Amino acid sequence: MGSRVYIEDIDIVNTFIDEWMECLDGLEKEILKLEINSEDTELINNIFRRVHSIKGGSSFVGLPRITRLSHEVEFTLDAIRKKIVCVNTELVDSLLLSVDFLNGYITQLFDRLKEQEFINENGVTNLELENEQNEEPVITSLKQARDNCEKQKIESANHEDPPQEGM
């Protein structure tokens, strides 16, 4: 499934690309801070806002793969915010992998839009981007890390509150 962008929307897509690049700038550093400061609500909310902007823009311009991955990252950040999952190295690595994917995808999209060789006679673009094939493993990695963190949190809670005997 390729992403379709109409010729009259290229300026809009370029505007979103600028916004996305701004959102992604420094995001890796903030995610790394999250590993140390997982209780920092302001940090989590800031990361969430950046990813939400990417998701909203990608949905608007019709880039479902960016939208889907951004949604998964949002879901993970919300689980951290609600303390459903703990933050560990595996989860941070998966979040960083997601950011790397988004960076690569958006950079590739920008490069393809500059080429303008993808426009067919009907004024429709069909952007078959290389990174599109790698989206599913990135999402799977994120889901697995989230599930593992949730299990770890449950196991940790069970060890902290041992059942009382005689009740």
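# Close-up views of a helical protein

**View 1. Ser 141 and its partners.** Setting aside neighbours within four places in sequence, Ser 141 makes contact with Ser 94 and Leu 97. Welcome to this predicted model, where we start with a single residue. Ser 141 has its place in helix α6, which covers residues 135-160. Is Ser 141 buried or partly exposed? With a relative accessibility of 23%, Ser 141 counts as partly exposed. Look next at the pair Ser 141 and Leu 97: 44 residues separate them in sequence, yet their C-alpha atoms are 8.5 Å apart in space.

**View 2. The whole chain, for orientation.** Let us step back for a moment. The protein has six helices and two strands. Read from the N terminus on, its elements follow the order β-α-α-α-α-α-β-α. Of the 167 residues in the protein, 43% are buried. Among contacts with a separation of 6 or more, 77% join residues 24 or more positions apart. How confident is the prediction? The average pLDDT of the protein is 83, and 80% of the residues score at least 70. Confidence is highest in helix α2 (residues 27-36), with a mean of 95, and lowest in strand β2 (residues 124-127), with a mean of 56.

**View 3. Helices α1 and α3, side by side.** Two packed helices are described by the angle between their axes and the distance between the axes. Here, helix α1 (residues 10-24) packs on helix α3 (residues 41-61) at an angle of about 165°, and the axes are 9 Å apart. Because the angle is over 145 degrees, α1 is roughly antiparallel to α3. Their crossing is left-handed. On the α1 side, the contact is made by Ile 12, Val 13, Phe 16, Glu 19, Trp 20, Glu 22, Cys 23 and Leu 24. On the α3 side, look for Arg 50, Ser 53, Ile 54, Gly 57, Ser 58, Phe 60 and Val 61. Sorted by class, the contact of α1 with α3 has nine nonpolar, three polar and three charged residues.

**View 4. Helix α1 again, now with α5.** The axes of α1 and α5 come within 10 Å and cross at roughly 150°. That angle makes α1 roughly antiparallel to α5. As α1 passes α5, the crossing is left-handed. From α1, the contact uses Ile 10, Val 13, Asn 14, Ile 17, Trp 20, Met 21 and Leu 24. From α5 come Val 99, Leu 102, Asn 103, Ile 106, Thr 107, Leu 109, Phe 110 and Leu 113.

**View 5. Helices α4 and α5 together.** Helix α4 (residues 64-81) packs against helix α5 (residues 89-115) with an angle of about 155° and axes 11 Å apart. This makes α4 roughly antiparallel to α5. The crossing of α4 past α5 is left-handed. The residues of α4 in the contact are Arg 65, Ile 66, Leu 69, Ser 70, Val 73, Thr 76 and Ile 80. Their counterparts in α5 are Leu 91, Leu 95, Ser 98, Phe 101, Leu 102, Tyr 105 and Ile 106. The contact of α4 with α5 divides into ten nonpolar residues, three polar and one charged.

**View 6. Lys 83, in the loop.** Lys 83 is found in the loop between α4 and α5. Its phi is near 60°, a positive value in a residue other than glycine. Lys 83 is partly exposed, with a relative accessible area of 43%.

**View 7. Leu 96, a residue of α5.** Leu 96 lies in helix α5 and is buried, with a relative accessible area of 15%. Which residues does Leu 96 touch, not counting those up to four places away in sequence? They are Glu 28, Ile 31 and Leu 32. Leu 96 and Leu 142 are 46 residues apart along the chain, and 9.7 Å separates their C-alpha atoms.

**View 8. Glu 30, in helix α2.** Our last stop is Glu 30, which lies in helix α2. Glu 30 counts as buried because its relative accessibility is 12%, and buried means under 20%. Leaving aside neighbours within four places in sequence, Glu 30 is in contact with Leu 43, Asn 46, Ile 47 and Arg 50.

Technical notes
Residues are numbered from 1 along each chain as its sequence is written. This is a predicted model: local features need pLDDT of at least 70, side-chain atom pairs count only at pLDDT 80 or more; totals for chains, interfaces and linings use all residues. Side-chain values use heavy atoms; hydrogens and water are left out. Axes are lines fitted to C-alpha atoms, for helices over the stretch in contact, and angles run from 0 to 180 degrees between N-to-C directions. Helices (H or I, at least four residues) and strands (E, at least two) are DSSP runs, numbered from the N terminus. Angles under 35 degrees count as roughly parallel, over 145 as roughly antiparallel, 65 to 115 as roughly perpendicular and the rest as oblique. A crossing is left-handed if the near helix is turned anticlockwise from the far one by less than a right angle, and right-handed if clockwise. Contact means heavy atoms within 4.5 Å. Ala, Val, Leu, Ile, Met, Phe, Trp, Tyr, Cys and Pro count as nonpolar, Asp, Glu, Lys and Arg as charged, and the others, Gly among them, as polar. Buried means under 20% relative accessible area, exposed over 50%, partly exposed in between (1.4 Å probe, protein chains only). pLDDT is the predictor's confidence in each residue, from 0 to 100.
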